[in-house]
Amino acid sequence: MISIVVIGFGNVGSHLCQAFQNAEEVALVQIYNRSEISLPESLQAIAVTHSISGLAKADVYLLALPDDIISEFSSKLPKSDTLVVHTSGGVSMNSLNRDNHRGVFYPLQSFSKSRKPEFKKIPICIEAEHHSDLNLLQELGESISEKVVAISSEERGRLHLSAVFVNNFVNHMYHISETMLEEADLDFDLLKPLIRETAHKIESMSASNAQTGPALRGDTKTLEKHLHLLKDSPYKEIYEQLTSSIQETYGKKL
Ligand SMILES: NC(=O)c1ccc[n+]([C@@H]2O[C@H](COP(=O)([O-])OP(=O)(O)OC[C@H]3O[C@@H](n4cnc5c(N)ncnc54)[C@H](OP(=O)(O)O)[C@@H]3O)[C@@H](O)[C@H]2O)c1
């Protein structure tokens, strides 16, 4: 049985708490949050603390805290044999204070408090300084997910950068499209089958084989028409840059 204290009850911490609570191999002994939190029914029995001095003993302290405070917060933790891990894609393991055993437990998914994630399908990227700690994290990961992979901080940094492109940037594109359709009094729902098909395609085709559109085809008149529609728009530059990137990738010039 692995005992764990989850530190931070935000998007990631709150969902991980519920996943660990449902895992037979894990004992969620305590939740730390700096401010007051309201626990869902399934976590009512778990102890909560708001102070570092009130932290219970556990095999693992899991820090689900903003990237920029992970290092400083880890230096405030009591010195012990506890394995301290963070959940960030973009922070190196060595940012954690070296007084405790260090590791990473990065769930590669986008989490929002209001959406229940399906942890079984979420890759958990783990890293640890000591072999025995890596085994512990492997076991912890497998208690909630079917895919646990050991990767270095450098590899995780690259993975996280790629994740920003496929998730954060793509989501921003949805926002841009939604804004433009709102201005034209058109329903964003009309685009949803296209969004779904774009995501499904990548399961069975490479991104380069799946690429379509006026930039790839070199349809100059259509491209000019789009740029005209965007003439006073803050999104014109993004359109031009992505069009150039597609054309450089596939060898067509405007
Ligand atoms: N969200 C995602 O999609 C996602 C995916 C994978 C990994 N991650 C990583 O997971 C970590 C947490 O992200 P999140 O989205 O869960 O963040 P979040 O929702 O903003 O939650 C942050 C948590 O940290 C606490 N906190 C903030 N500042 C603090 C401070 N100065 N001292 C102590 N506690 C503080 C907050 O407490 P209060 O309630 O008191 O504000 C809250 O519990 C980050 O490292 C992130 O990179 C996020």
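Predicted model: local features only at pLDDT ≥ 70, side-chain atom pairs only at ≥ 80, totals over all residues.
Visitor: Which residues are the closest to the ligand?

Guide: A residue is near a molecule if its C-beta atom, placed from the backbone, lies within 6 Å of it. The ligand is surrounded by 21 residues, and the closest are Gly-10, Asn-11, Val-12, Ser-35 and Ser-88. At least two residues of the shell come from each of α1 (11–22) and α2 (67–75). Those labels are DSSP runs numbered from the N terminus: helices are H or I with at least four residues, strands are E with at least two.

Visitor: What order do the strands of the open sheet take?

Guide: Two strands pair if DSSP finds at least two bridges between them. The eight strands run β3-β2-β1-β4-β5-β6-β7-β8, with mixed pairing. β3 (47–49) and β8 (148–150) are at the edges with a single partner strand each, so one side of each has no neighbour in the sheet. Inside the sheet, β5 (residues 83–86) pairs with β6 in the parallel sense over four bridges, and Val-85 sits opposite Gly-103 in β6.

Visitor: And which strands does α1 lie across?

Guide: For angles, axes are lines fitted to C-alpha atoms, for helices over the stretch in contact, and values run from 0 to 180 degrees between N-to-C directions. Contact asks for C-beta atoms, placed from the backbone, within 7 Å. α1 lies across β1 (2–7), β2 (26–32), β4 (60–63) and β6, at about 150° to β2.

Visitor: Is Leu-181 buried, exposed or partly exposed, and why?

Guide: Count the other C-beta atoms within 10 Å of a residue's own, all placed from the backbone: 20 or more means buried, 12 or fewer exposed, in between partly exposed. Leu-181 has 15, so Leu-181 is partly exposed. Leu-181 belongs to helix α4 (residues 153–183). Beyond its neighbours within four places in sequence, Leu-181 is in contact with Leu-186, Asp-187 and Phe-188.

Methods
Residues numbered from 1 in each chain as written. Contact = placed C-beta atoms within 7 Å.
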